Amino acid sequence: IAGWAGEKAEEWAATDPASALKQTWLNDHLAQLDMVLDKARDAYDIIDLHLYRDPETIPARIDYFRARMKSLGYPTPKPMWVTETGGPDTRWPYGDFTTKPVDLAFYELSPEVRQAEVVKRFVLSLSAGAERVFWFQLGATRAPQGIWDGMALVWGERRNPAFATYALTVEKLKGYDAIQRLNLGTGVSAFQFRRPVGDTYVLWA
């Protein structure tokens with residue numbers, strides 16, 4: 001089962017005049033997801049999530065599926081895998097996903113922005129309970145010409161700075177057996193990954 005749902009229609013309503021149409025679509029989409037979660041629960045092994053947009057929304061979107069499984073009486077929740085995530089995603093919060101041209105300033109973002117996206121998406125997905133996380137995409141055969149090329153860590157034979165961040169993130173989180181979110185005050189996100197070889201702490205503000 002695949003889905004990106006868990007967003008709330010009122011979030012669109014605050015920013016988009018076409019929100020009534022989108023709310024109808026969202027309600028239909030969530031109803032279909034509920035039908036699959038309920039009636040086809042024995043026909044799949046994992047919930048496959050594609051999580052783009054603002055990385056800070058990732059925990060709520062994973063929690064949505066966990067809550068739905070609980071409400072539908074799952075004795076044990078299905079494992080959740082994030083099989084696609086990547087960024088920065090300039091479609092959010094700038095407008096319509098299907099008709100608005102991609103902001104070409106996307107390609108002028110600083111290396112630090114790209115690197116932060118890698119760390120946030122992995123840490124927020126894993127800390128919310130995802131068992132696997134896959135970056136989309138690892139490599140593109142050409143220089144960026146669209147949003148998906150732009151998310152790649154390698155363009156042709158050229159590695160962008162986020163490639164090294166990806167490698168370091170995987171190395172430092174490898175083998176963790178528990179994650180704790182730490183309270184270090186307002187505006188600070190902090191996580192402790194417990195590992196047999198020594199804990200890893202991840203923070204941003």
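User: At what angle do helix 3 and helix 4 pack?

Analyst: In this predicted model, helix 3 covers residues 58-71 and helix 4 covers residues 111-127; helices (H or I, at least four residues) and strands (E, at least two) are DSSP runs, numbered from the N terminus. The two axes are 9 Å apart, where axes are lines fitted to C-alpha atoms, for helices over the stretch in contact, and angles run from 0 to 180 degrees between N-to-C directions. On that scale, helix 3 and helix 4 pack at an angle of about 30°.

User: How are helix 3 and helix 4 oriented to each other, roughly parallel or roughly antiparallel?

Analyst: Angles under 35 degrees count as roughly parallel, over 145 as roughly antiparallel, 65 to 115 as roughly perpendicular and the rest as oblique. With an angle of about 30°, helix 3 and helix 4 are therefore roughly parallel.

User: Which residues of helix 4 make the contact with helix 3?

Analyst: Contact here means heavy atoms within 4.5 Å. From helix 3, the contributors are I58, P59 and I62. Those residues meet, on the helix 4 side, R121, L124 and S125.

User: What is the mean pLDDT of the chain?

Analyst: Residues are numbered from 1 along each chain as its sequence is written, and side-chain values use heavy atoms, with hydrogens and water left out. As this is a predicted model, local features need pLDDT of at least 70 and side-chain atom pairs count only at pLDDT 80 or more, while totals for chains, interfaces and linings use all residues. pLDDT is the predictor's confidence in each residue, from 0 to 100. In this chain 78% of residues reach 70 or more, and the mean is 83.

User: How close do the axes of helix 4 and helix 6 come?

Analyst: Helix 6 spans residues 161-173, and its axis crosses that of helix 4 at roughly 30°. Helix 4 and helix 6 are therefore roughly parallel to each other. Their axes come within 8 Å.

User: Which residues in helix 6 meet helix 4?

Analyst: Helix 4 brings P111, R114, Q115, V118, V119, F122, V123 and L126 to this contact. The residues on the helix 6 side are P161, A162, T165, Y166, T169 and L173.

User: What is the omega of the cis peptide bond that joins F136 and Q137?

Analyst: Another cis bond runs from G87 to P88, with omega near 0°, and P88 sits in the loop between strand 3 (80-85) and helix 4. Q137 is in the loop between strand 4 (132-135) and strand 5. For the bond between F136 and Q137, omega is about -5°.

User: What is the phi of R53?

Analyst: R53 lies in the loop between strand 2 (47-51) and helix 3. Although R53 is not a glycine, its phi is positive, at about 60°.

User: Over how many bridges do strand 8 and strand 9 pair?

Analyst: Strand 8 covers residues 178-182 and strand 9 covers residues 189-194, paired in the antiparallel sense. R181 stands opposite F191, and Q180 has Q192 as its bridge partner. In the hairpin, with 6 residues between the strands, G185 takes a positive phi near 110°. The number of bridges between strand 8 and strand 9 is 5.

User: What is the average twist from one strand to the next in the open sheet with order 8-9-10?

Analyst: The 3 strands of this sheet pair in the antiparallel sense. Strand 8 and strand 10 (200-204) are its edge strands, each pairing on one side only. From one strand to the next, the twist averages 15°.

Conventions. Pairing = 2+ DSSP bridges.
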